[in-house]
Amino acid sequence: MARRKTVQKEEEKPAEIEIREISEVIETNYMPYTMSVIVARAIPEIDGFKPSHRKLLYTMYKMGLLSGQKTKSANVVGSTMKLNPHGDMAIYETLVRLTTGKEALLHPFIESKGSFGKHYSDMAFAAARYTEVKLDKICEYIFGGIDRDAVDFADNYDHTATEPMLLPTAFPNILVSPNSGIAVGLSSTICSFNLAEVCDVTSLFLKNGGITDDELLENLKAPDFSTGATLFYNREKMLDIYKTGRGSFKLRSKYRYDKEYNCIEVTEIPYTTTSEKIKDSITRLVKEGKIKDISDIRDETDISGLKIAIDLKRGTDPDKLMVRLFKSTPLEDSFGCNFNVLIGSVPKTLGAVEIIEEWCAFRIECLRRNFVFDWTKKKDRLHLLEGLKKILLDIDKAIRIIRHTENDREVVPNLMKGFDIDEIQADFIANIKLRNLNKEYILDNIDEIDGLENEIKELYALIDSDAKIKKYIIKELDGIKTRYAKPRKTVIISEEKAESIDEERVEHEDYPVTVFLSKEGYFKKCTAASLRGNDVQKFKENDCLLSSQETANCAEVLFFTGAAQLYKAHVYDFDDTKASALGDYIPAKLSFDPNEKVVAAWCLTDFNCDFALFFENGKAVRLPASVYETKTNRRKLKNAFFDKSTLINALIAKDKDEFLMRADGGKALIVKAKQLCAKSTRTSYGAAVMTLKKGQRVIYTDYYDKTNAPLLKESRYRKTNLPSAGGLFEDEDPTVLQQTIE
């Protein structure tokens, strides 16, 4: 037998361990990916498109699909891959959203044939080989001037072609087409607006060089969505969205009641949901026994549009049922705005006016580049014709020069000498066909000179004047509005009016409940029966009970916040829960401003009482609760009380009540309700109650319970005259750090 050869293995050396700072690793490995996602994928730019949209539409433009017949979607997807390195399905999904068939946009960019699904449904779209597409007519205003140096171009991923960095949109598409994207560390959600309103507000901005709040709200009324529905309008909230680019508003489905078949037909739903989600949520409520008035639910969407049919049991009030469904299902949903836009490859959160301002600057630059391009071309043409004009003086001489020149390369120099023209003009003349070297041809071309000179002057005037370019844009916007504007699909209704209608429709059952508020802002409502079995309250980690109160289900609940604002709700707005539940997070439930926290909460069945408000600077005031009583169902009261110092607590004050105040300097003071300054204006600060040294503040105020929690040296903290510094709070005295509502 042959001997086996022994192969000596090389000794494997362990890999060297390189010790690096984590910040350095993130910077070199993660940051490039982060920037790629932000700058080249998820966030739209001022033309209203993400890179994937732009690559797709530009490919279709270069394929000649702005006119002519439709082509298979597969052809478009394949051609787009020359610019977009992602897979064919990702490209096709992008295409689907931009089509007329999908109904995701108010003004789709792609005219389609075939099944593309619907934005309001989870219905699947057909494969690319079955569907056909071409660019919609409105794309004339998306690509206008792109071949005349309107925008910059860059190489594609393999440097075999070029693509536009932006599209020269002739209207603020960034506000007309809805857009959303999630990048790394930031996201963007831009709602759509009506084209006519966007054109009007942009024209007004260009005419006046700015726009007032009233003009803005009057012209740009509210967002508009392709799915229609009803928008709850709050002027202050909408203005805040327009100014900051952040905020939210509610959208509610539209429905009609078919008396003959005793069913509700939902025909329009919020842009943020789908018919399947709505159907599933209603089905779940019926199975859980929370809704008992529905016998069946069907999705009857067909070629005529969306329809969700809800069959009712005999005797059911459809309006009351719908109010309950609006609160419990996506039939009513919120749209959160976050207007993040890339400006010069830098993400910025802009308000509506700032977006319009940025778009106007972008459009002015696009048009100026167009005009410069045309101006240069016309100047070059004029220069050639001026050389041709000199030949008219002696055509025979030109022919003679060419005929008697022995070398071809000497023709141009000889023409330059013979007619005192430059090389460009001489080359143009030398290339004229022999049959065109006649007086008629030359005169016909020379006749263009006067017209060209006038056009060049007009173009130069445009290039040199922002005001004239603005007038040009305004005229263009008027033309777009006339040609493509559509009536609003989303109906606007006052938020207060909608809530008052709901209140009228719903009769709430009144019964005793106990409410609990945690320090972190969690609020829950429990019935006596639920507390009988287990009354141990559950809280999140590092959270605790702030207050509790026995009240009624139909009582109003007032939430005082540290930002001098008051939020109102009804106890019945909150579901009955068990003590083991966390409850509702009030800042989210009532849409608090960022970083706003609950300081106190009170449930009132009437407003015949007083509030005692205590502030960090040692001041206090007694206000009648009636100052917070409103005829309309307002949810938020701004400037609800004194805002120059932080609110420590808000307590219902009766003449017999006493309050214990403590400062961070170790002093304590007992104050009688009768001693507090009574005022009738909400923003009154009352009077100083506790005097504080510089840098000190009140940290605690609550009822003083002389019977159940008496202080050992009570007399030390009682003062006849106010304001007073109080007495030193000694360790042997009980410390009550928990605020309670009795």
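**Helix packing, a sheet and an aromatic pair**

Helix α3 (residues 73-80) packs against helix α4 (residues 88-97) at an angle of about 120°, and their axes are 9 Å apart. That angle makes α3 oblique to α4. The model described here is predicted. Two packed helices are described by the angle between their axes and the distance between the axes.

**The contact of α3 with α4**

- The crossing in which α3 passes α4 is right-handed.
- On the α3 side, Ser73, Val76, Val77 and Thr80 take part in the contact, and they meet Asp88, Ile91, Tyr92 and Leu95 of α4.
- Sorted by class, this contact of α3 with α4 has five nonpolar, two polar and one charged residues.

- The structure holds 30 aromatic pairs.
- In one of them, the ring centres of Tyr92 and Phe125 are 5.4 Å apart and the ring planes stand at 80°, so the pair is edge-to-face.
- Tyr92 belongs to helix α4, whereas Phe125 lies in the loop between β2 (110-113) and β3 (132-135); the pair therefore ties together parts that are 33 residues apart in sequence.

**A four-stranded sheet**

- Strands of a sheet pair through backbone hydrogen bonds, either parallel or antiparallel.
- Here, four strands form an open sheet in the order β28-β25-β26-β31, and the pairing is antiparallel.
- The edge strands, β28 (647-653) and β31 (687-688), each pair on one side only.
- Strand β25 (residues 610-615) is joined to β28 by six bridges in the antiparallel sense.
- Leu613 stands opposite Ala650 of β28.

Conventions:
Residues numbered from 1 in each chain as written. Predicted model: local features only at pLDDT ≥ 70, side-chain atom pairs only at ≥ 80, totals over all residues. Heavy atoms only, no water. Axes fitted to C-alpha atoms, helices over the stretch in contact; angles between N-to-C directions. Helix = DSSP H or I, 4+ residues; strand = E, 2+ residues; numbered from the N terminus. Parallel < 35°, antiparallel > 145°, perpendicular 65-115°, else oblique. Left-handed = near helix turned anticlockwise from the far one by under 90°. Contact = heavy atoms within 4.5 Å. Nonpolar A, V, L, I, M, F, W, Y, C, P; charged D, E, K, R; others polar. Pairing = 2+ DSSP bridges. Phe/Tyr/Trp six-rings, centres within 6.5 Å; stacked < 30°, edge-to-face > 60°.
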